Amino acid sequence: MRLVVVGASGRMGRMLVQAVAASEGCTLAGAIEREGAPALGEDAGVLAGLPPLGVPVTDDPLTAFAAADGVLDFTAPAATVFYAELAAQARIVHVVGTTGLSPDDLRKLDAAARHARIVRSGNMSLGVNLLAGLVRKVAATLGEEFDIEILEMHHRHKVDAPSGTALLLGEAAADGRAVALAERKVAVRDGQTGPREPGTIGFATLRGGSVIGEHSVIFAGAGERLELTHRAEDRGLFARGAIRAALWAQPREPGLYGMDDVLGL
Ligand SMILES: NC(=O)c1ccc[n+]([C@@H]2O[C@H](COP(=O)([O-])OP(=O)(O)OC[C@H]3O[C@@H](n4cnc5c(N)ncnc54)[C@H](O)[C@@H]3O)[C@@H](O)[C@H]2O)c1
Ligand SMILES: O=C(O)C1=N[C@H](C(=O)O)CCC1
């Protein structure tokens with residue numbers, strides 16, 4: 001499968017280039033960065049700490065997409081919406097790892113998925129997607145007498161909160177309780193908040209250092225507390241998940257898929 005990495009000089013972009021180079025059956029068909037990015041013109045392999053791959057980083061996605069079967073996109077919301085339209089026009093697979101998308105951005109991805117095969121997930125790891133299934137089940141089993149709180153920590157460079165993973169886990173909890181997350185979500189507490197409103201799903205965000213990604217879903221009841229935790233130890237995990245998603249999506253019909261589809265969960 002010929003894959004283009006957009007955001008090729010980012011933390012995830014470099015991991016994706018490494019993972020494509022290491023994946024049998026995959027070749028790096030292009031490496032794209034934003035206009036003016038310092039990495040333009042550099043070899044994508046060298047940027048990723050590999051020997052040269054003969055693929056220079058460019059800001060010309062049209063040419064790259066025309067010669068590709070799929071695009072791996074861990075960039076920023078506006079860029080992802082733009083690439084979704086291009087990928088749909090080129091009829092290639094679009095794997096979206098970007099988080100922090102607004103409801104309007106998500107509507108645009110839905111529209112693009114009428115023509116494109118899009119796989120989007122706030123977390124491409126097997127562990128987190130398994131955890132989401134467990135959270136759904138525990139939330140359904142325990143009921144509202146257990147308060148649900150989602151705690152996450154990431155590195156100091158992360159720009160969105162709550163994390164895409166925290167929101168994915170929140171959706172799973174809400175789903176387990178057959179409620180809408182948008183109506184139950186409490187993402188900020190400050191000052192005289194009053195007591196906790198029953199049935200809400202709380203989010204707490206920590207940022208610092210080089211933490212790759214840690215998430216705990218806490219079910220706090222009267223006299224006991226259940227905590228389910230995932231710790232990512234290597235960004236390569238997300239990159240390998242993205243390649244798995246691209247290979248899975250290649251023979252599918254246009255549509256918007258999740259990692260649960262890819263992993264058969
Ligand atoms: N879903 C997952 O499993 C998962 C895992 C890790 C990170 N992420 C998400 O991936 C995104 C990127 O994370 P990161 O740590 O690599 O960030 P980063 O800032 O290191 O990298 C983002 C890269 O995208 C580039 N970029 C921005 N606009 C662009 C455009 N229009 N065209 C091409 N490139 C563009 C930036 O220049 C940068 O190099 C974030 O939203 C993060 O939350 C998701
Ligand atoms: O480093 C990041 O940024 C990560 N983003 C995803 C999220 O928002 O959950 C996945 C974990 C790493």
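**Notebook: a look around a predicted model**

I started with H154, which is buried, with a relative accessible area of 7%. I keep in mind that this is a predicted model. The cut-off for calling a residue buried is under 20% relative accessible area, so H154 at 7% qualifies.

**Entry 1: around H154**

Where does H154 lie? I found H154 in strand β7, which covers residues 147-154. Next I checked its side chain and found a polar contact of 2.7 Å with the side chain of E152. Then I looked for contacts with residues beyond four places in sequence. H154 touches S163, L206, R207, G208, V211, I212, G213 and H215.

Which peptide bond is cis, with omega near -10°? The bond from A161 to P162 is the one I noted. P162 sits in the loop between β7 and α7, the helix of residues 164-176.

I also noted two residues with a positive phi. R91 is not a glycine, yet its phi is about 60°. I located R91 in the loop between α4 (77-90) and β5 (93-96). A178 is not a glycine either, and its phi is about 55°. A178 belongs to the loop between α7 and α8 (181-184).

Is A178 buried or exposed? Exposed means over 50% relative accessible area, so A178, at 71%, counts as exposed.

**Entry 2: the nonpolar cores**

Here I had a general idea in mind: in soluble globular proteins, nonpolar side chains tend to be buried together.

How many residues are in the largest nonpolar core? I read 37, and the residues with the most contacts inside this core are V5, L16, V20, L72, V95 and V119. Several elements each supply at least two of its residues: β1 (2-6), α1 (11-22), β2 (27-32), β5, α9 (236-249) and α10 (259-263). Helix α9 gives the most, with eight residues.

Leaving out residues up to four places away in sequence, L72 touches L3, V4, V5, V6, L16, V20, V95, A242, I243 and A246.

Conventions
Residues are numbered from 1 along each chain as its sequence is written. Chains are lettered from A and ligands numbered from 1 in the order in which they are written. This is a predicted model: local features need pLDDT of at least 70, side-chain atom pairs count only at pLDDT 80 or more; totals for chains, interfaces and linings use all residues. Side-chain values use heavy atoms; hydrogens and water are left out. Helices (H or I, at least four residues) and strands (E, at least two) are DSSP runs, numbered from the N terminus. Buried means under 20% relative accessible area, exposed over 50%, partly exposed in between (1.4 Å probe, protein chains only). A polar contact is a pair of N or O atoms within 3.5 Å; within protein, one must be able to donate a hydrogen and the other to accept it, and residues adjacent in sequence count only if both atoms are side-chain atoms. Contact means heavy atoms within 4.5 Å. A nonpolar core is a set of buried Ala, Val, Leu, Ile, Met, Phe, Trp, Tyr and Cys residues joined through side-chain atoms within 4.5 Å.
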